[in-house]
Amino acid sequence: MTVTKVGVLGARGKVGTAICDAVRAADDMELVAEIDQGDALQSLVDSGAEVVVDFTHPDVVMPNLEFCVANGIHAVVGTTGFTEDRLDTLRGWLEASPGTGVLIAPNFAIGAILMMRFAVQAAKYFPSAEIIELHHPNKADAPSGTAHRTAAMMGQARADAGLGPSPDATSTGLDGARGADVDGVRVHSVRVTGLVAHQEVLLGTQGETLTIRHDSLDRTSFAPGVLLGVRQIANAPGLTVGLDSFMDL
Ligand SMILES: NC(=O)C1=CN([C@@H]2O[C@H](COP(=O)(O)OP(=O)(O)OC[C@H]3O[C@@H](n4cnc5c(N)ncnc54)[C@H](OP(=O)(O)O)[C@@H]3O)[C@@H](O)[C@H]2O)C=CC1
Ligand SMILES: O=C(O)C1=N[C@H](C(=O)O)C[C@H](O)C1
């Protein structure tokens with residue numbers, strides 16, 4: 001059996017801790033580097049890491065990836081905050097390092113990926129569509145990466161189907177009361193102590209609604225998807241966005 005050498009960035013964080021445990025428990029992986037704030041990235045090279053998993057912070061993920069790609073280390077990235085500009089920058093780095101693969105996935109939980117897929121399938125049948133994402137209060141970014149991607153994909157499906165804006169007669173209101181507009185889909189971000197990661201997609205048409213909800217109740221929910229990404233990324237040079245590319249959906 002081939003054993004892949006894995007390094008984890010953000011190893012002492014909430015998700016990084018769960019990922020380190022999962023890598024240690026996997027027969028086909030060896031955890032060779034656990035790096036957190038203040039540790040040198042060079043130990044990824046020194047330890048011979050072949051794949052790096054990044055669960056750090058939107059402010060630091062780009063320099064981390066620049067280092068990995070420059071050193072030919074594949075990366076599986078859960079950290080959020082990826083704009084189109086950032087993805088273009090990453091594509092540029094990868095062009096200079098052919099053979100290196102980077103997976104950016106806004107959500108590694110299998111149920112969340114299915115929730116996104118079902119929402120996109122349903123989008124064209126419902127004139128009204130809004131998203132509520134609910135997270136712990138230590139989260140840096142709003143809306144969540146998952147909600148942003150869900151809304152963008154639903155917005156595209158709605159446009160392809162010729163749907164106009166969701167019906168909404170609001171003419172007065174407080175700033176923010178109707179959430180953020182992501183490609184025509186309203187996204188509402190809730191931050192409450194005790195929550196982990198949750199999302200509801202609400203769809204409505206004449207006389208009926210459809211609600212699609214996913215709940216991550218524990219951060220171990222992200223581990224199987226991350227391990228799938230680690231197993232696949234060496235065979236996927238260049239940039240891959242979304243774990244669904246590696247799933248038989
Ligand atoms: N794609 C997915 O499925 C998921 C994505 N996420 C995303 O992952 C990211 C991390 O989430 P979470 O684990 O909750 O956050 P945490 O704050 O719990 O963990 C982040 C860890 O990274 C450390 N860190 C900060 N800067 C660096 C650096 N330059 N190098 C190495 N480590 C660093 C932090 O240290 P310190 O605290 O000292 O700053 C902390 O230990 C977020 O962007 C979140 O949105 C989360 C869950 C699932
Ligand atoms: O910060 C989190 O916790 C999470 N971040 C990701 C996101 O922004 O979508 C994934 C999941 O929602 C947990």
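Which of the 21 residues around ligand 1 come nearest? Select ligand 1 and look for Lys14, Asp36, Gln37, Ala105 and Phe108, which come nearest among the 21 residues around this ligand.

Before going further, note that the model is predicted. Color the protein chain by confidence: its average pLDDT is 97, and 100% of the residues score at least 70. For the complex, the predictor gives an ipTM of 0.99 and a pTM of 0.96.

**Stop 1: ligand 1**

Stay on ligand 1 and show its shell. By class, this shell has eight nonpolar, eight polar and five charged residues. The space that ligand 1 takes is the largest pocket.

- Threonine 80: here the side chain is involved, with a polar atom 3.0 Å from an oxygen atom of ligand 1.
- Lysine 139: a polar side-chain atom lies 3.0 Å from an oxygen atom of ligand 1.

Ligand 1 taken alone exposes 920 Å², and the protein buries 76% of that.

**Stop 2: ligand 2**

A polar side-chain atom of lysine 139 lies 2.7 Å from an oxygen atom of ligand 2. Histidine 136 has a polar side-chain atom 2.9 Å from an oxygen atom of ligand 2. For threonine 146, an N or O atom in the side chain is 2.5 Å from an oxygen atom of the ligand. With the surface on, the protein covers 85% of the 320 Å² of accessible area that ligand 2 has on its own.

Which residues are around ligand 2? Select Thr80, Pro106, Asn107, His135, His136, Lys139, Asp141, Ser144, Gly145, Thr146, Ala197 and Phe222 to show them. They divide into three nonpolar, seven polar and two charged residues. The space taken by ligand 2 is the largest pocket.

**Stop 3: a cis peptide bond**

Move to alanine 142 and proline 143. The peptide bond from alanine 142 to proline 143 is cis, and its omega is near -5°. Most peptide bonds are trans.

**Stop 4: a positive phi**

Where is aspartate 183? Select the loop between β7 (180-182) and β8 (185-191), where aspartate 183 is found. Check the backbone there: aspartate 183 has a positive phi of about 50°, although it is not a glycine. Most residues other than glycine have a negative phi.

Key
Residues numbered from 1 in each chain as written. Chains lettered and ligands numbered in written order. Predicted model: local features only at pLDDT ≥ 70, side-chain atom pairs only at ≥ 80, totals over all residues. Heavy atoms only, no water. Near = heavy atom within 4 Å. Polar contact = N/O pair within 3.5 Å; in protein donor to acceptor, adjacent residues only side chain to side chain. Areas by Shrake-Rupley, 256 points an atom, 1.4 Å probe, with all protein chains shown as cover. 1 Å grid on protein atoms, 1.4 Å probe; cavity = no way out; pocket = protein on both sides within 12 Å on 5 of 7 lines; lining within 4 Å. Sits in = over half its atoms within 2 Å of the grid points. Nonpolar A, V, L, I, M, F, W, Y, C, P; charged D, E, K, R; others polar. pLDDT = per-residue confidence, 0-100. Helix = DSSP H or I, 4+ residues; strand = E, 2+ residues; numbered from the N terminus.
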